[in-house]
Amino acid sequence: MRILFNHTDSAVTHPFSLSDFLAAFDKNFITSHDWIFSDMEAYVQIDGEEVEDHIFYQERFCISGDELAYYITNSYILIVFGLVIAVKKGSVEIRKENYPKLLGNMEFWEIDYESSITNYVIEIGFFDSSYILVSSKSPALINKIQKKHPEFTEYQADNLD
């Protein structure tokens, strides 16, 4: 299943911070998964000041759910561009060079796209604060997002500008 937030079609006037987006889930969901970040470009603030020496300034990395919970509680993270992927905690570690790519990956926009991370729980693609495209095999997770953020609609190839 795939859903899309199209900023240009929405009354929402600000991009989602990572904590805003993940507010659809409880802390247990976040901490019970490991999180892969790929093709990252992010803006981070701590106490209202931009921070340039932060984990989110790496292009590719993986962190535990506990680490992610800490970061989203203690900093403002705006993912301008990149993939955020939740995988079951303790899954086989994926080598950084095999992390999925967003940049130049035209397959990502296909309706029947499947993540290259076969054990993913949810995959979120952030595109320049204009689009957020979410993929999951779990209708319950998609439903949680849509309940919290009704701006998300079912993804169809023709609902892009």
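# Why these labels? Reading the contacts

User: Why is E59 called partly exposed?
Analyst: The relative accessible area of E59 is 44%. Buried means under 20%, exposed over 50%, and partly exposed in between (1.4 Å probe, protein chains only), so E59 at 44% is partly exposed. Please keep in mind that this is a predicted model, in which local features need pLDDT of at least 70 and side-chain atom pairs count only at pLDDT 80 or more, while totals for chains, interfaces and linings use all residues. Residues are numbered from 1 along each chain as its sequence is written, and side-chain values use heavy atoms, leaving out hydrogens and water.

User: What makes R60 and E59 a salt bridge?
Analyst: The closest N and O atoms of R60 and E59 are 3.3 Å apart. A salt bridge needs a side-chain nitrogen of Lys or Arg within 4 Å of a carboxyl oxygen of Asp or Glu, so the pair R60 and E59 qualifies. R60 itself is buried, at 18% relative accessible area.

User: How many salt bridges are there by this rule?
Analyst: The count comes to two. Besides R60 with E59, E114 forms a salt bridge with K137, with the closest N and O atoms 4.0 Å apart. That pair links distant parts of the chain, 23 residues apart: E114 is in the loop between strand 5 and strand 6, and K137 in the loop between strand 7 and helix 4 (139-148). Here helices (H or I, at least four residues) and strands (E, at least two) are DSSP runs, numbered from the N terminus. K137 has 54% relative accessibility, so it counts as exposed.

User: Which residues does E114 touch, not counting residues up to four places away in sequence?
Analyst: E114 touches Y120 and K137 on that basis, where contact means heavy atoms within 4.5 Å. E114 and M1 are 113 residues apart in sequence, with their C-alpha atoms 9.8 Å apart in space.

User: Why does R2 have no salt bridge?
Analyst: The nearest side chain of opposite charge, E123, is 5.5 Å away from R2, which is not within the salt-bridge limit, so none is assigned. For charges, Lys and Arg count as positive and Asp and Glu as negative; His and the chain ends are not counted. R2 is buried and lies in strand 1 (residues 2-6).

User: What polar partners does the side chain of R2 have?
Analyst: The side chain of R2 reaches the backbone oxygen of F108 at 2.8 Å, and makes a polar contact with the side chain of S135, also at 2.8 Å. A polar contact is a pair of N or O atoms within 3.5 Å; within protein, one must be able to donate a hydrogen and the other to accept it, and residues adjacent in sequence count only if both atoms are side-chain atoms.

User: How do you know that the charged end of R2 sits over the ring of F108?
Analyst: The charged end of R2 is 4.9 Å from the ring centre of F108. The rule asks for NZ of Lys or CZ of Arg within 6 Å of the ring centre and within 35 degrees of the ring normal.

User: Why is the pair of F37 and F61 called stacked?
Analyst: The structure holds 16 aromatic pairs. In the pair of F37 and F61, the centres are 4.8 Å apart and the planes 10° apart. F37 lies in strand 2 (residues 33-46) and F61 in strand 4 (residues 61-64), so the pair ties together parts 24 residues apart in sequence. Rings of Phe, Tyr and Trp (its six-membered ring) pair if their centres lie within 6.5 Å; planes under 30 degrees apart count as stacked, over 60 as edge-to-face and the rest as tilted. The angle of 10° therefore makes F37 and F61 stacked. F37 is buried at 0% relative accessible area, and F61 is buried at 2%.

User: What makes the pair of W109 and Y131 edge-to-face?
Analyst: W109 and Y131 are 6.1 Å apart, centre to centre, with 75° between the planes, so they pass both the distance and the edge-to-face rule. W109 is partly exposed at 21%, whereas Y131 is buried at 15%. Ring pairs also link F81, F108, W109, Y113, F127 and Y131 into a cluster.

User: Is D39 buried or exposed, and which is D47?
Analyst: D39 has 8% relative accessibility, so it counts as buried; D47, at 80%, is exposed. Phi of D39 is near 55° and phi of D47 near 50°, each a positive value in a residue other than glycine.
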